[in-house]
Amino acid sequence: QLQLTVPVAVVFSPGSVPWDLPKPLPFRDVQEMELSVNLRTGVTSRYEIVYRSSTAQEEAALNGATAREADAALRPLQDASLGALTVYVVPEASSVLPQGISVYVGKHRSALVRAGGGLATLHTRIQQLTQVMSFTASSITAAFSDRAPNSQFSPDVRRHLKSSLGYEITFSLLNPDPKSHDVNWDIEDAVNRYVQPVLDKLSLVANFSVDSQILYYAVLGVTPRFDKESSSFLLSAHSLPHVINPVEARLGSSAASLNPVLNFLLYVPERSHSPLYIQDKDGASVSTNAFHSPRWGGIMVYNVEAPVSPQAALPLRVDVDMVRVMEVFLAQLRLLFGLSREELPPEFLLESLGNEGLADWELDRLLWAHTMENIATVSTTLTSLAQLLDKIGNIVIKDDVASEVYRAVALAQTAVSELAMGHLQLAFQASKEAATSSERAFFDPSLLHLLYFPDDQKFAIYIPLFLPMAVPILLSLTKIIRETRQRKKEPTKMD
Amino acid sequence: MAAPVSVVCWVRAVAALILGCCGVALATGVQDKAEQFFRSGHTNNWAVLVCTSRFWFNYRHVANTLSVYRSVKRLGIPDSHIVLMLADDMACNPRNPKPATVFSHKNMELNVYGDDVEVDYRNYEVTVENFLRVLTGRVPPNTPRSKRLLSDDRSNILIYMTGHGGNGFLKFQDSEEITNVELADAFEQMWQKRRYNELLFIIDTCQGASMYERFYSPNIMALASSQIGEDSLSHQPDLEIGVHLMDRYTFYVLEFLEEVHPASQTNMNDLFQVCPKSLCVSTPGHRTDLFQRDPQNVLVTDFFGSVRKVEITTETISLDSNLATFESKLPQDELATEPLKYAEQLPVAQIIHQKPKQKDWHPPGGFILGLWALIIMVFFKTYGIKHMKHIF
């Protein structure tokens with residue numbers, strides 16, 4: 001039984017209080033939803049909602065000109081702990097929200113809702129918001145997919161990167177035609193400017209290490225088709241899966257660490273195959289000219305314009321526009337982690353992210369999902385370890401394995417209790433350490449059980465050894481017994 | 001009368017064409033959905049190829065394994081995802097008339113050893129213990145990445161084993177054996193830790209079907225070259241090299257795989273038909289009851305190749321290039337980083353300086369004591385105490 005608590009604060013600005021409040025402000029309310037993952041596991045989502053009216057500072061912030069300014073001004077005033085949500089209700093006629101938009105989700109952990117329609121609509125809005133900003137039933141079941149019966153899921157559900165202690169990100173530039181293109185990319189600057197802020201935000205989730213390389217004479221495994229109408233080369237959607245494999249062998253996926261590796265490739269097509277566009281299933285050109293593969297990484301094709309004069313000196317110097325490239329790569333990174341902006345009802349407006357790449361509430365979503373996944377991992381690992389020990393009685397458990405197991409159990413219990421109290425950060429850290437400990441205990445090299453002796457082998461070994469030895473012993477034993485019995489029968493001959 | 005008839009015909013033809021198009025569109029829509037439903041949910045592929053014999057006369061087992069290795073690489077699985085365990089004593093064997101080569105076809109047509117073989121466990125490292133460690137993941141902490149099976153719950157794994165086997169066991173390097181129960185337990189541990197999505201187990205030994213009898217974990221499909229009580233036979237000797245080059249079952253499987261390319265749609269049912277009794281003399285067997293999908297829908301490239309699921313990236317985020325670079329990246333505090341050094345492979349200092357360990361003396365255990373007591377009692381009862389003085 002797992003309980004997930006989300007602390008939500010609903011702040012009413014003057015003029016937006018619905019007429020059918022059950023109690024005067026401020027008051028608390030608790031809403032619970034049960035979800036049963038399988039026969040023995042149930043997850044209760046508990047939303048602890050505090051309704052209150054706004055303070056003067058908040059009112060001043062809410063009177064800002066646009067939603068974005070209001071959001072920025074409200075940030076220092078709200079509860080910034082991970083997992084908490086603040087919903088500000090603005091009057092129906094307020095101009096903070098643009099026309100036609102009734103919900104605005106900011107970059108941090110707050111949202112602006114237009115009042116109107118009474119408490120019931122407010123509740124629906126709050127529920128929709130928590131679905132977007134915390135977790136949904138499907139994300140819960142996805143996190144526990146290991147324990148749920150298999151038939152429930154389409155195979156596409158678990159495509160996001162699994163929760164891990166660290167990730168390696170590798171940026172590679174593939175230049176198959178160095179004679180024509182002299183490609184330079186300022187990757188270090190781009191990483192520092194665009195990628196590092198995102199990774200810093202994600203540093204709570206895992207450790208990231210970034211490296212980059214340039215590969216020459218690396219070709220895609222597929223020959224693109226020439227399309228006369230657009231006089232360009234096209235890669236169709238069903239040939240894309242075969243592109244990755246020939247390249248992968250040369251990428252040198254990190255030999256140093258055991259963390260999952262995410263590869264981001266930038267391919268500059270050869271002069272004879274330029275320009276190269278990717279087609280999707282319907283035959284339309286893809287605007288980003290990029291595709292990604294779950295749990296692996298992404299590839300983007302960067303076309304170089306043909307030189308103005310045909311006699312231009314080769315190789316052409318190409319300076320890659322890193323902004324365009326990083327926009328795509330960061331979007332792919334978000335997709336690989338499962339942070340896509342899903343379909344929302346039309347009255348919702350999501351703040352665009354800009355250079356931060358990640359909204360705070362998206363980080364929260366990731367943390368909720370990873371925490372639940374870690375707890376599920378701990379319980380399955382320890383259960384299977386226990387089953388293993390039941391089956392094979394003569395495995396010796398070393399002290400350090402035992403201490404890791406105890407530690408994993410204690411930390412998992414901490415994580416569960418912290419989740420029930422709504423402290424997401426502590427819960428996540430506890431769950432991460434619990435998962436690490438349990439994996440260390442399960443994969444300890446000393447737990448290898450090698451000696452399996454079927455009964456017939458035992459007989460086959462021991463009988464030839466002991467049977468010849470046992471024969472004289474048994475015969476002598478019978479002789480002794482017979483003698484003793486005889487002596488007992490006849491009275492001792494005493495002369 | 002001809003004109004209206006032709007008009008009618010024409011109208012009918014157009015109607016049929018339109019209906020046909022709709023039908024095709026519908027069919028492709030349905031087909032897409034069906035494709036999606038029957039597709040395997042894996043995102044990466046691994047292969048564990050094990051040759052369990054050594055010595056020159058077992059050349060064919062090494063050639064088997066190397067040929068499968070070549071096919072698997074050709075179809076796309078990279079070396080980093082292949083764990084190859086070979087005794088690797090063929091190519092440089094003093095008895096090899098063509099050093100540095102291993103041929104799989106007579107007349108030396110195909111050198112499967114080549115230039116880019118990456119053997120992960122070679123020679124005496126191919127043991128039952130290492131094999132089980134690779135499968136279950138319980139490797140010592142200093143094992144390099146290439147020797148680990150880093151599969152996850154979305155990996156399809158191909159396990160190919162060849163060598164000498166018997167009813168319920170497989171012989172490893174002439175000194176130890178692995179039983180089918182151990183193998184089944186290893187697979188169960190892999191399943192418990194979700195180290196595979198689907199597993200294909202192929203074994204080419206005598207009485208190979210006995211090895212997959214005991215599997216009980218889900219999502220395993222198994223193929224064997226012969227049934228219990230039958231021997232798998234080798235294919236053809238080469239007169240110049242002097243040994244048999246390949247086993248029959250693997251030879252025909254490889255011929256089958258040559259037709260397969262990364263985009264092909266051949267399914268497992270075709271693989272089951274490979275090597276009928278007329279060609280193979282033994283009866284190949286297979287086991288699919290633990291597998292959830294229908295073998296008809298399982299592509300051969302799901303296991304032998306590495307076809308990735310890709311998605312077109314349609315979203316981008318917008319970056320502002322004019323933002324000043326984050327000066328918050330202070331020059332990294334000069335942490336006193338320890339100079340990097342290699343991990344201790346052997347605790348040399350300890351070995352050199354250690355004193356001989358005092359081995360504690362333990363009194364003999366109960367069973368031995370009891371046995372000796374019994375023997376001595378019987379001896380003296382039979383021969384009488386009075387003889388003791390003659391003995392001592």
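Predicted model: local features only at pLDDT ≥ 70, side-chain atom pairs only at ≥ 80, totals over all residues.
Colleague: How much area do domain 1 of chain A and domain 3 of chain A bury between them?
Modeller: Residues are numbered from 1 along each chain as its sequence is written, while chains are lettered from A and ligands numbered from 1 in the order in which they are written. Buried area is the accessible area (1.4 Å probe) that two parts lose on being put together, summed over both. Carbon and sulfur atoms hold 62% of it here, and the whole comes to about 1800 Å².

Colleague: Which residues in domain 1 of chain A lose the most area to domain 3 of chain A?
Modeller: Three of them together make up 30% of what the domain 1 side buries. They are A:Leu2, A:Leu82 and A:Ala143.

Colleague: How far apart do the C-alpha centres of those domains, domain 1 of chain A and domain 3 of chain A, lie?
Modeller: The bounds come from an automatic or database domain assignment, which puts domain 1 at 2–143 + 344–350 and domain 3 at 360–447 of chain A. Between these domains of chain A, the C-alpha centres are separated by 32 Å.

Colleague: And between the chains, how much area is buried between chain B and chain A?
Modeller: Counting contact as heavy atoms within 4.5 Å, 67 residues of chain B meet 77 residues of chain A. B:Arg138, B:Arg145 and B:Leu319 supply 12% of what chain B buries against chain A, more than any other three residues. Carbon and sulfur atoms give 59% of the area between the chains, which is about 6300 Å².

Colleague: What ipTM does the model score?
Modeller: On pTM, the model gets 0.79. Its ipTM is 0.81.

Colleague: In chain B, how many contacts beyond four places in sequence does the model have for residues 20–37?
Modeller: Chain B has a mean pLDDT of 81, with 80% of its residues at 70 or more. Residues 20–37 of chain B stay under 50, though, and their number of contacts beyond four places in sequence is one.

Colleague: Why is one side of β10 and of β13 in chain A left without a neighbour in the sheet?
Modeller: Helices (H or I, at least four residues) and strands (E, at least two) are DSSP runs, numbered from the N terminus, and two strands pair if DSSP finds at least two bridges between them. The open sheet runs β10-β11-β13 in chain A, with mixed pairing. β10 (225–227) and β13 (276–278) stand at its edges, so each has a single partner strand.

Colleague: Which residue in β13(A) is the bridge partner of A:Phe233?
Modeller: β11 (residues 232–235) of chain A pairs with β13(A) in the parallel sense over three bridges. For A:Phe233, the bridge partner in β13(A) is A:Leu276.

Colleague: Which strand of chain B holds B:His164?
Modeller: UniProt's unreviewed entry gives B:His164 and B:Cys206 as "active site"; its positions follow the numbering used here, feature names are shortened, and annotations may be inferred rather than shown by experiment. The two spread over 43 residues of sequence, yet cluster in space with a largest C-alpha distance of 6.4 Å. B:His164 sits in the strand at residues 164–166 of chain B, β5.

Colleague: How far apart are the end C-alpha atoms over residues 459–481 of chain A?
Modeller: UniProt (unreviewed entry) calls this span of chain A a "transmembrane region". Residues 459–481 of chain A are 100% helix and 0% strand, and the end C-alpha separation is 28 Å.

Technical notes: Heavy atoms only, no water. pLDDT = per-residue confidence, 0-100.
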